[in-house]
Amino acid sequence: MYFTVEPAPNHRLPLYKTILCVTCALLLVLNGFSLFHNLQSLKGTNALLSQSARVADRLQYLNVLVLDAESSLRGYFISGSETYLGPSKTASTEIENEFNELQTLLAGSPTQLKNLGQLQSLIRRKMSMLQQSIEVYKQGGLAEIVNISRVTDDRATMDEIRLQVVIMTREQNEALSSGSAAFYHEYQKAVLLGIGINALAILVLIMFYQLVRRSFQNRAAVEYALQNANDTLESTVSKRTEQLSVLSRHLISVNEVEKARLARELHDELGANLTSISMDLGAVTQQLAHTQPELAAQLRRAKATLLETVELKRRIVEDLRPSLLDNLGLCAAIESYCEDFTRMSSVRCDTDVAINIDNREATLTIALFRIVQESLTNILKYARAGMVSVTLKRNEHGLVLRVIDDGIGITEDALQKPMSHGLLGMRERALLLGGTLTVRQGPEGKGTCVEAVIPLPLTPEPEDIDADAEV
């Protein structure tokens with residue numbers, strides 16, 4: 001599986017989706033303006049209704065003020081007590097105040113202002129007649145008032161006032177009805193417009209939902225296909241890795257077999273030939289020592305070269321397959337190799353490998369020996385260590401091999417390098433035996449510790465076997 005750190009491309013929303021979103025937003029804004037307009041119309045209608053109610057109340061109150069003034073005047077004429085003149089004295093002031101309020105309320109209606117002017121003339125004339133009646137009564141008495149009443153028609157004046165009040169109230173109600181009808185008409189239009197806008201907005205939202213749903217389904221299908229591809233790829237990589245691991249372990253086994261075969265051939269055949277040549281050279285050298293000393297000297301030099309070749313052959317054979325491993329066992333081979341390592345590198349190497357391992361376990365012994373060999377080679381190349389310890393112990397899990405140094409240690413990057421063939425080879429050898437190999441920091445965070453754990457069933461020690469035999 002491959003990963004990338006490049007930023008993802010900046011994809012834009014398709015044009016048709018953008019248009020749908022903008023259209024839906026505009027419809028909602030238009031619906032909001034329509035609602036605001038309806039609220040303003042409702043507010044105006046409520047104000048008109050309130051104004052009409054106040055005008056009707058003011059007109060009725062004017063009528064009541066005139067009637068109270070007339071009634072108080074009659075009480076005064078009958079009783080002669082001026083206490084009855086209280087409403088008549090305050091009526092004029094209150095009537096003027098009411099006319100001022102009505103002029104303010106009817107400022108926007110010229111027809112009503114005209115009617116208000118006529119009503120004001122009638123009421124002022126009525127109030128003037130009332131004041132004159134009081135003056136006449138004070139000067140001439142009730143008889144003069146009776147004579148005045150016979151020649152004047154007060155009832156007609158009051159009827160005119162009532163009629164004018166009724167006319168103004170009716171006109172105000174007609175204006176209110178007209179305003180209410182207009183508002184209702186506008187309200188119906190606004191409701192229909194709002195329903196249409198909402199229906200269109202719902203339609204746009206449904207279309208947008210379908211597009212989003214389709215995009216989600218497409219993305220889910222792509223993710224599902226990608227997941228399947230990833231699963232298939234991971235399965236393929238896992239199988240391929242397992243195949244390569246098996247192949248690697250097989251090649252390691254074949255390599256060790258070939259090394260052992262080549263070591264035997266070099267040791268047996270080449271060793272026998274070199275020994276025979278050395279014996280022949282020795283015999284010829286003795287024969288020519290007196291007669292031809294120069295040839296004898298050349299033969300001695302050739303024999304020395306032959307001995308160096310024999311030593312080279314021995315080192316090659318030991319590298320291919322340590323003879324101590326087959327003859328004396330794993331522990332002796334590890335100790336011998338560690339002694340050679342100390343002699344060649346001047347790095348102290350302590351060993352603790354005194355355990356019994358059946359020499360018939362050739363795969364086990366050579367794998368453990370190669371792990372020790374590769375570990376010491378890496379220490380010599382990279383660790384710059386001053387001391388190394390090699391331990392091989394048995395516990396309830398099996399064999400535990402540890403190679404610990406006090407060098408500079410190993411970094412995580414070095415552990416993860418794909419070209420770390422030495423570490424990979426040691427891991428594959430441990431896997432070949434069904435075990436594990438870990439590389440970590442040494443004790444107290446210094447150096448490196450290579451630990452291989454190989455499962456191996458416990459076998460009775462030779463002493464235990466002898467004791468059982470004696471019993």
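I located valine 191 in helix α5 (residues 154-291); helices (H or I, at least four residues) and strands (E, at least two) are DSSP runs numbered from the N terminus. The model is predicted, with local features needing pLDDT of at least 70 and side-chain atom pairs pLDDT 80 or more, while totals for chains, interfaces and linings use all residues. Residues are numbered from 1 along each chain as its sequence is written, and side-chain values use heavy atoms, without hydrogens and water.

I looked up the exposure of valine 191: it is partly exposed, at a relative accessible area of 32% (buried is under 20%, exposed over 50%, partly exposed in between; 1.4 Å probe, protein chains only).

I then checked the length of helix α8 (residues 330-345). Its 16 residues should span 22 Å at 1.5 Å a residue, and its end C-alpha atoms are 22 Å apart, which agrees; the expected span is 1.5 Å times one less than the number of residues.

I listed the buried residues of α8 as Leu330, Cys331, Ala333, Ile334, Cys338, Phe341 and Ser345. They lie on the same side of α8, because they cover an arc of only 160 degrees around the axis (directions from the helix axis to the C-beta atoms). Exposed Glu339 and Arg343 sit on the face turned away from that buried side. Serine 346, with a positive phi near 60 degrees, follows α8.

I finally turned to threonine 391 in strand β2. Threonine 391 is buried, with a relative accessible area of 19%. Beyond neighbours within four places in sequence, threonine 391 contacts Asp352, Val353, Val400, Leu401 and Arg402 (contact: heavy atoms within 4.5 Å).
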